[in-house]
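This report describes a protein model with the sequence and the structure side by side. Please look over both before reading on.

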Amino acid sequence: MSVEATVPEVADVANRRTQRPAAATKFRSLVTNRIGSAVAVVIAVLWTIPTFGLLISSFRPEADIKSSGWWTFFSDPSFTLENYQEVLFGRASSGALATYFINSLVITVPATVIPLVLATMAAYAFSVLEWRGRDWVFVGVFALQIVPLQMALIPLLRLFSSSELLEPFPFLSVWVAHSIFALPLAVFLLHNFMSDVPKELVEAARVDGAGHVSVFLRIMLPLMAPAIASFAIFQFLWVWNDLLVGLTFTGANNAIQPLTARLAEMAGSRGQDWQLLTAGAFVSIILPLIVFLALQRYFVRGLLAGSVKG
Amino acid sequence: MASVTYDQATRVYPGQERPAVDALNLEVADGEFLVLVGPSGCGKSTSLRMLAGLEDVNSGRILIGDRDVTDVQPKDRDIAMVFQNYALYPHMSVADNMGFALKIAGTPKAQIRERVEEAAKILDLTEYLDRKPKALSGGQRQRVAMGRAIVRQPQVFLMDEPLSNLDAKLRVQTRTQIASLQRRLGVTTVYVTHDQTEALTMGDRIAVLKDGLLQQVGTPREMYDTPANVFVAGFIGSPAMNLGSFAVADGKANLGDTHIPLTRTTIDALTEEDKGEITLGFRPESLDVATEGEEGAFAINVNLVEELGSDAFVYGQLAAREVAEHVTSGAGEAQLIARVDPRRPPMKGDKIWVKVRAGEAHVFSSATGLRLPA
């Protein structure tokens with residue numbers, strides 16, 4: 001008995017010594033697992049509730065929306081697709097989002113592809129090719145980001161209003177505007193990413209017989225895929241959600257206005273149709289949601305890319 | 001297959017006055033394995049990159065075979081290069097890495113596959129062909145880099161310290177593999193290293209560079225036995241040669257109580273600029289243990305004994321303290337290295353007498369550092 005009494009004591013001392021860090025790590029893992037998860041869940045719920053309410057409202061009849069909150073849906077469910085019907089294919093004054101949806105698509109896809117194509121090539125020129133004054137030009141391009149977008153609107157408008165190209169290509173001005181506003185950041189981001197690619201890789205390819213075009217297409221582009229994808233998502237969401245540039249450069253021309261411009265007018269001239277905004281919002285969210293979910297794997301990787309070697 | 005010729009090739013980096021490579025004249029024969037060796041910053045890598053076309057040639061010419069490639073793009077030079085960090089394409093499988101050059105050249109797929117598999121067999125890579133470089137060990141990556149060069153069947157192999165990222169054991173293994181592979185393929189090879197052991201063991205010939213200047217070219221044996229100047233003498237050989245500045249008098253080189261006889265031709269070759277001094281070099285293995293009072297014998301205080309089994313090296317200092325600092329070796333200032341019988345090594349703190357074996361001293365002009373006739 002006495003032997004047993006002393007042994008735990010010794011073990012206790014030893015334990016206490018080892019337990020302190022063990023307890024600390026245990027606590028840390030508890031925080032990161034339980035409490036961390038709980039906080040994340042609470043934030044996520046708080047963030048999602050309004051959107052969720054919007055979703056439910058969009059399926060409620062006009063009278064209900066205007067008289068009671070969305071949560072009454074649970075006690076007194078009434079379901080209708082009328083709002084969507086009205087928004088997508090309704091009378092011209094307040095609805096027919098379908099055509100604007102197509103407009104937005106026609107604006108967004110080229111406005112994403114054009115700056116990406118130009119920026120990857122520019123990034124190659126700024127990071128791999130060596131020419132006199134390269135760094136100064138690069139600083140210049142980067143500095144262009146300081147120029148507020150609003151400052152360029154009027155000069156650009158004047159440029160385009162006198163252009164005859166708008167006749168055959170009505171979307172041209174929006175494409176160009178979005179592309180030039182995106183380019184400085186795109187060039188900067190892709191340049192930084194490309195500079196992280198070891199230069200021996202390019203040298204090896206050149207010794208292997210590749211010219212600059214092959215190096216660009218076969219070495220750089222595959223390695224840049226995550227960065228390109230992540231920038232593509234950024235630019236796509238930005239253009240899709242943009243109202244200012246779209247509104248300015250499409251003028252009052254309903255035939256080429258993007259979804260956002262239509263959405264802003266949807267409530268009607270006196271705001272009488274505001275129940276339609278719920279459905280309109282979900283129509284405009286759907287595509288960004290698809291893009292994000294499809295590419296989110298690249299999104300995360302692209303943001304991390306470059307921070308970890310390999 | 002082709003020879004390689006550097007003709008007064010010079011490279012000056014922008015913003016620097018001193019050329020990184022200064023008027024390099026060097027000829028590499030067809031099928032030869034030439035090692036460029038020197039301390040870091042000596043211009044050896046730059047020389048190689050000039051040959052690869054990755055570095056401009058400011059003046060002079062570079063020829064591969066009879067073709068002047070000075071202004072030819074790297075892709076058109078028909079060379080293959082192995083980089084220090086291997087520079088494997090991370091997004092391609094091993095097979096694609098090795099076949100990349102052929103693919104660019106438009107070789108038919110079946111032929112690419114055949115050549116890649118052949119090279120993979122030589123390098124023991126067959127089972128890894130479908131893996132990405134990420135999933136390979138350092139040694140395997142190194143072999144893939146070699147494979148990428150072999151598959152090309154180029155006129156010249158260029159290797160830029162290909163072994164420096166491997167651990168010591170693998171390095172020794174791979175060293176012999178590369179050397180024997182090169183002999184088998186018979187492709188002209190220029191190999192850059194800072195490790196003189198690699199240079200001695202692998203090269204048909206060695207070229208030593210320092211500060212962008214070519215110091216000496218020769219077979220490993222020539223480099224070891226007749227170094228052209230003090231720098232080469234101190235650089236080639238491990239442990240390094242002992243070098244001391246001695247005063248010349250009475251046909252002897254004198255340092256303190258040490259008197260080492262010089263030949264008539266050596267003394268005749270001395271000029272006024274040498275101011276009656278001469279630099280004498282002797283390798284650790286050229287020293288014999290002697291007894292006090294013997295002609296040319298000098299005393300060493302033993303600081304350290306390094307026993308390697310086959311050899312034992314004594315690190316020590318000249319017993320004559322006032323002149324000890326005149327002697328240097330690979331172990332540092334005022335240090336001297338001597339090889340002794342491993343069966344009977346002296347103890348630390350002992351005083352031993354050694355003597356340079358007749359005819360094994362190297363003599364250099366103290367003014368120019370150049371070798372004098374013995």
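The largest nonpolar core has 149 residues, and those touching the most other members are A:Leu190, B:Leu36, B:Met81, B:Val156, B:Leu158, B:Val190 and B:Tyr191. Helix 10 of chain A, residues 212–241, gives the most to this core, with 14 residues. Apart from this core lies another one of 11 residues, among them A:Tyr84, A:Leu97, A:Met266 and A:Leu276. In soluble globular proteins, nonpolar side chains tend to be buried together. The model is a predicted one.

**Chain A**

Chain A has 13 helices and zero strands. Of its 310 residues, 31% are buried. Among the contacts in chain A between residues at least 6 apart in sequence, 72% join residues at least 24 apart.

**Where the chains meet**

How many residues of chain B are in contact with chain A? There are 18 of them, and they are in contact with 16 residues of chain A. On the side of chain B that touches chain A, strand 6 (79–82) and helix 2 (94–105) of chain B each supply at least two residues. Helix 2 of chain B gives the most to that side, with four residues. Sorted by class, the side of chain B that touches chain A has 14 nonpolar, two polar and two charged residues.

**The two domains of chain B**

Chain B is divided into domain 1, residues 4–234, and domain 2, residues 239–365. The centres of domain 1 and domain 2 of chain B, taken over C-alpha atoms, are separated by 38 Å. Five residues from domain 1 of chain B and seven residues from domain 2 of chain B take part in the contact. The side of domain 1 of chain B that touches domain 2 of chain B has three nonpolar, two polar and no charged residues.

**Sheets of chain B**

One open sheet of chain B has four strands in the order 2-1-4-5, with antiparallel pairing. Strand 2 (21–28) and strand 5 (67–68) of chain B stand at its edges with a single partner strand each, so one side of each has no neighbour in the sheet. Within this sheet, strand 1 (residues 4–11) of chain B pairs with strand 2 of chain B. B:Tyr6 has B:Leu26, in strand 2 of chain B, as its bridge partner.

Another open sheet of chain B has six strands in the order 6-7-8-3-9-10, with mixed pairing. Its edges are strand 6 and strand 10 (213–218) of chain B, each with a single partner strand, so one side of each is left without a neighbour in the sheet. From one strand to the next, the twist averages 15°.

| Strand pair (chain B) | Sense | Bridges |
|---|---|---|
| Strand 1 (residues 4–11) and strand 2 | antiparallel | five bridges |
| Strand 3 (residues 33–37) and strand 9 (residues 205–210) | parallel | four bridges |
| Strand 11 (residues 242–249) and strand 14 | antiparallel | six bridges |
| Strand 14 and strand 22 (residues 362–365) | antiparallel | four bridges |

B:Leu280 has B:Val363, in strand 22 of chain B, as its bridge partner.

Helix 1 (residues 44–52) of chain B has nine of its nine residues buried, so this helix too is largely enclosed by the rest of the structure. The buried residues of helix 1 of chain B include B:Lys44, B:Ser47 and B:Leu48. These residues are also among the contacts of B:Leu36, if its neighbours within four places in sequence are left aside. Other contacts of B:Leu36 include B:Val190, B:Tyr191, B:Ala207 and B:Leu209. Following helix 1 of chain B is B:Gly53, whose phi is positive, near 90°.

Notes:
Residues are numbered from 1 along each chain as its sequence is written. Chains are lettered from A and ligands numbered from 1 in the order in which they are written. This is a predicted model: local features need pLDDT of at least 70, side-chain atom pairs count only at pLDDT 80 or more; totals for chains, interfaces and linings use all residues. Two strands pair if DSSP finds at least two bridges between them. A nonpolar core is a set of buried Ala, Val, Leu, Ile, Met, Phe, Trp, Tyr and Cys residues joined through C-beta atoms within 7 Å. A residue is buried if 20 or more other C-beta atoms lie within 10 Å of its own, exposed if 12 or fewer, and partly exposed in between; C-beta atoms are placed from the backbone. Two residues are in contact if their C-beta atoms, placed from the backbone, lie within 7 Å. Ala, Val, Leu, Ile, Met, Phe, Trp, Tyr, Cys and Pro count as nonpolar, Asp, Glu, Lys and Arg as charged, and the others, Gly among them, as polar. Domain bounds come from an automatic or database domain assignment. Axes are lines fitted to C-alpha atoms, for helices over the stretch in contact, and angles run from 0 to 180 degrees between N-to-C directions.
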